[in-house]
Amino acid sequence: MNENQRTPGAGEGSGTEGRRGQRRPASLLYIDLSKMISSNEYGSHSWELLVTVDHQHEEVQKEFLLRVTGDLHIGGVMLKLVEQIKIPQDWSDYALWWEQKKCWLLKTHWTLDKCGVQADAKLFFTTQHKMLRLRLPNMKTVRLKVSFSSMVFRAVSDICKILNIRRSEELSLLKQSEDTLKKKKKKDKNSKEPVTEDILNLCDSPVSSGLSGSPGLYSKTMTPVYDPISGTPASSTITWFSDSPLTEQNCSVLASSHPGCSPEALAEMYQPRSLADKAKLNAGWLDSSRSLMEQGILEDDQLLLRFKYYTFFDLNPKYDAVRINQIYEQARWAILLEEIDCTEEEMLIFAALQYQVSKLSLSSEAQDFTCESEVDEVEAALSNLEVTLEGGNTNNILEDITDIPKLADNLRLVRPRKLSLKTIKPYWFVFKDTSVSYFKNKESAQGEPIEKLNLKGCEVVPDVNVGTKKFGIKLLIPVADGMNEVYLRCENENQYARWMAACVLASKGKTMADSSYHPEVHKILSFLKMKNWTMSPQAVSDPESIDMKPECFVSPRYTKKYKSKQLVARILEAHQNVSQMTLVEAKLRFIQAWQSLPEFGLSYYIVRFKGSKKDDVLGVSYNRLIRIDMATGDPITTWRFSNMKQWNVNWEIRQVAIEFDQNVFIAFTCLSADCKIIHEYIGGYIFLSTRSKDQNETLDEDLFHKLTGGQE
């Protein structure tokens, strides 16, 4: 019965004989089955895969057709390919790149079927490590081999090992936006002579072999080897990196400042004029969870290596010569290009510090910048330079469990009025916990205050002019419909430093019992001291006798406002207060002054909040998010990371949603960049807040990707 049923099916395609029930000869049936088996083995299950090989041998073909099956693993494909190429060379750094899907096939045990590779796939057999040009914060360009298949987070870590920069998690790679490049291209067209860029070639780096550094590479327990003559660490700590391509000369380029930028060169660089322009600067950050190749970066492209996260943890002159210099340079260029706003008084302080660094860098005095005596002096101030998310570990537990101290003083309260002049009245102020209360006078302080201001989550902005003896504190306090603006006026520097430090800590939810209060007071006083200068008899009476190019030390707006002689005189006045500083101290003071600016650490993005009909600017900082009015630049609302309960991204509509304490929900879409960048910023700052000096310096890379990766 079964045989009779099969016979018509076998003969359906052979005319009427099959339908009449006539049986075919057995031999014919046997031959047909043989053909079917043959077809299964060699036709339907195997197919040809086109692979292009990226090699340098011109006489050898580059395209190969491999006959493969779906159950062949990736490693088997590469083995077949190498056997066909027949070129005797080391293929260990080669891997398969899938052009259409823009992804690497790195899991060599996966089969083609599991990867989804079919006959229409275009695969490239190419090296994983390729040449890349990196422009460092000091505007020097280095050329080195970088992994194009590793996640950017890992690639940056490898780059920093080559450059002797600790704490690679603070840096990332930035692709310049089209707008910033257009101006440069326009200037290049106008210039008659082609500009030749001086590139530091580090192509013999260990990264080219795919080797990663040992986990304890940057251990603080290492003892630096000092040069017996100059007292500096031998080759700026290069002796710890036996496989580093950095020579002593190259390391000096990275660890030394060479200010020689002409006004013309400065004018050619991109200078943001508005918040929208500043937002363009942050649009090009690469995704740390994807490789360079996956993000369209090609061999020998140029990227910017920058400090992305403004949390400079564990700065140590013993080990961080390159790192401190690169932070200083990034801060210097941010000031010169007006990426961050500062007052004229502050600009002159920055100019004076740059002049001091320039003088010492060009003289033999620079050789003592990491001697032991100075390291001991500087280490005491390093805590002022460390910015951690809502603080780090306190050093004195007993100090935190004692009674919380308070401040009580006569201050003046200034409230701006929209339709009238400011009202300035003296009151008796009491600062306790994280709140400020004020009373009519000292005698009435036992009763109810006129008003109590809770400073937790507020914005604290200095309103100071040392020359006119103005010591003010601007407070932007969050209220239901925005920000309440209040000014406190202090009588003198000491009073201002105490109250300003208390306000800064209160804004972060800390009290004056916190161990960081007294260092904060000291930092504010030292910054005020630098601002407080008067022309001494010893100062140079003839600015023309000084070989200084003031245009190199101030932003272009001041070169337009003042003549060169005037600028030289004013910079020399400010320089008196910093003229005794050593090189590393001047750089650290510059970084400290940069950190004191109200806009420090803010990265701007243009966003549209859910329910809003207009665009706003979102400022992302190390401890908060700020909603800013795009037209006026005024802060509207501040949200602290310490109050954040959770955040997520709707990848379909590219919307970031965040939940804070007290049932506060916000959601926004990013217009000036991919929402993944803001998502990574938030997760990155949360990740960096988990660092502590007690840990060894290995990073929990998996935790970083959990906090920043996201599922698209």
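## A salt-bridge network

Let's start with a cluster of charges: Arg166, Arg167, Glu169, Glu170, Asp314, Asp320, Arg323 and Arg691 are joined in a network of salt bridges (a side-chain nitrogen of Lys or Arg within 4 Å of a carboxyl oxygen of Asp or Glu). This is a predicted model, in which local features need pLDDT of at least 70 and side-chain atom pairs count only at pLDDT 80 or more, while totals for chains, interfaces and linings use all residues. Residues are numbered from 1 along each chain as its sequence is written, and side-chain values use heavy atoms, with hydrogens and water left out.

## Other salt bridges

The count comes to 33 salt bridges. In one of them, glutamate 459 meets arginine 624, with the closest N and O atoms 2.6 Å apart. Both glutamate 459 and arginine 624 are buried.

Aspartate 674 also forms a salt bridge with arginine 654, at 2.9 Å between the closest N and O atoms. Aspartate 674 is partly exposed, at 35% relative accessibility, and arginine 654 is partly exposed at 26%.

## Cysteines

You will find zero disulfides here (pairs of cysteine sulfur atoms within 2.5 Å). The sulfur of cysteine 115 has its closest cysteine sulfur in cysteine 103, 7.9 Å away, so it is too far for a bond. For cysteine 458, the closest is in cysteine 503, at 6.8 Å, again too far for a bond. Cysteine 458 is buried, at 1% relative accessibility.

Conventions: Buried means under 20% relative accessible area, exposed over 50%, partly exposed in between (1.4 Å probe, protein chains only).
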